Amino acid sequence: MSVTRRGFLTAASVGVGAAVASTVRGPVAGANPFTTGSLGVAQDLMQSISTGSGMIQPNGPLGYVGVTFPSAEDIAGRIRFAFPDGSVGDWQPLDLMDTAPDAGSVPASELVSAPDGAVGYEVDAPKGSEATVFDDGRGTARNYSLGSVGLLGLPIIPRAAWGAGDVPGFRWAPQFFPAQSITIHHTAGQVGPDRAATVRATYNYHANTLGWGDIGYHLIIDPEGRIYQGRGGTPVGNPVFQVPPVAGIAPPVVTGGHVGGFNNGNIGISLLGDFTWSPPTPAAVGATIDCVRALCNATGINPRGGVNYRNPEGGGTRPMMAVSGHRDWGGTACPGDAFYPQMQFIRDYAARGWTPRAVSSAAFGS
């Protein structure tokens, strides 16, 4: 198989270009959005959602991954792996396969062997690429169309990677309702050096001590800006939604447990830490913006808009900003006095790159 010059050049630069294009997570050195009111001019260019896969947890053992590309003009990519302790390995380039029959072949990478113990992987490659996962080399676990798996390309660490476990004797049966709003929280506690351990502690407190059967938040963000899948009940590799979102159709959201009486259709994002006196890190704020923007693009929610929230079970209503802090619902100081004033900042930056459009959930019977 011949590899184009463009393919080689793109592959050589993907480690820089793809990272810049995918996120607003890394502010300009020294910039503090809480004092400058801006993530910096350079960040205005970092508004497009990644074309990558997001962090995928295969249905079965993870042994090898191969990637096919949409055309010989779009041969480029990189891959990284997630581990049970919540850590994520470095990006490594996908090697281009140069063996093929005389008649040609589908453009593809060489097979990548997953490191021992890896439970998830993420691929950054052109739209239209597909990843094929093999267990021990004897069978295919699943094919994934990159750009359509997970939450719109966000690099979300799956539950198995941070150590979510089954709760004996109690299961939180999933319910699904159309998305209406997004609520931002803090966990209001200390964050240990092992970030995944802090996520597990929150999970076990909610699931076991409080008897909920699972963690209440949909997404959790650590101080380094890493995003973890929270509430389960959705298909493996697909956080938050009943099925992966597609253009123009927003599948219903699994009900979490983060705003008592107003959970159905309300997506909860929680940052690890206590922000009563000090704000979260710029990396965590940037990841929050990424999540809000991706969720709004998937659901049609206007990040700067208002909503007359109505709980489809019980009929409780509340006029709210579509993206709000927990305290806006009443009865709490969450997400902290040092973080709450930045809600409008998050709305404004999430709106950069948000595409206003009609999104329907009718196809899913909601």
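Buried stands for under 20% relative accessible area, exposed for over 50%, and partly exposed for what falls in between, with a 1.4 Å probe and protein chains only.

My numbering runs from 1 along each chain as its sequence is written. In this predicted model, local features need pLDDT of at least 70 and side-chain atom pairs count only at pLDDT 80 or more, while totals for chains, interfaces and linings use all residues; side-chain values use heavy atoms, with hydrogens and water left out.

**Contacts of I346**

I listed the partners of I346, not counting residues up to four places away in sequence: I184, V285, T288, I289, V292 and F339. Contact here is heavy atoms within 4.5 Å.

**Helix α5**

I checked the length of α5 (residues 282-299). Its 18 residues should span 26 Å at 1.5 Å a residue, and the end C-alpha atoms are 26 Å apart, which agrees. The expected span is 1.5 Å times one less than the number of residues. Helices (H or I, at least four residues) and strands (E, at least two) are DSSP runs, numbered from the N terminus. Of the 18 residues of α5, 17 are buried, so the helix is largely enclosed by the rest of the structure. G300 follows α5 and has a positive phi, near 85 degrees.

**L62**

I placed L62 in the loop between α2 (33-36) and β1 (64-68). L62 is buried, at 14% relative accessibility.

**Aromatic pairs**

I searched the whole structure and found 6 aromatic pairs. Rings of Phe, Tyr and Trp (its six-membered ring) pair if their centres lie within 6.5 Å; planes under 30 degrees apart are stacked, over 60 edge-to-face, and the rest tilted.

One of them is F275 with F339, edge-to-face, at 5.6 Å centre to centre and 75 degrees between the planes. F275 is in the loop between β14 and α5 and F339 in the loop between β17 (323-325) and α6, so the pair ties together parts 64 residues apart in sequence. F275 is buried at 6% relative accessibility, and F339 is buried at 0%.

I also noted Y309 with W329, edge-to-face, at 5.4 Å centre to centre and 90 degrees between the planes. Y309 is in strand β15 (residues 306-310) and W329 in the loop between β17 and α6, so this pair ties together parts 20 residues apart in sequence. Y309 is buried, with a relative accessible area of 0%, and W329 is buried at 5%. Ring pairs link F262, Y309 and W329 into a cluster.

**Charges over rings**

I found the charged end of R231 over the ring of W172, 3.9 Å from its centre. R352 lies over the face of Y349, 4.3 Å from the ring centre. The criterion is NZ of Lys or CZ of Arg within 6 Å of the ring centre and within 35 degrees of the ring normal.

**S324**

I located S324 in strand β17. S324 is buried, at 0% relative accessibility. Leaving aside neighbours within four places in sequence, S324 is in contact with I182, T183, I184, W329, M343 and R347.

**Cysteines**

I searched the whole structure for disulfides (cysteine sulfur atoms within 2.5 Å) and found 0. C291 is buried at 0% relative accessible area, and C334 is buried at 8%.

**Whole chain**

I counted 6 helices and 17 strands in the protein chain. Of its 366 residues, 49% count as buried. Among contacts between residues at least 6 apart in sequence, 74% join residues at least 24 apart.
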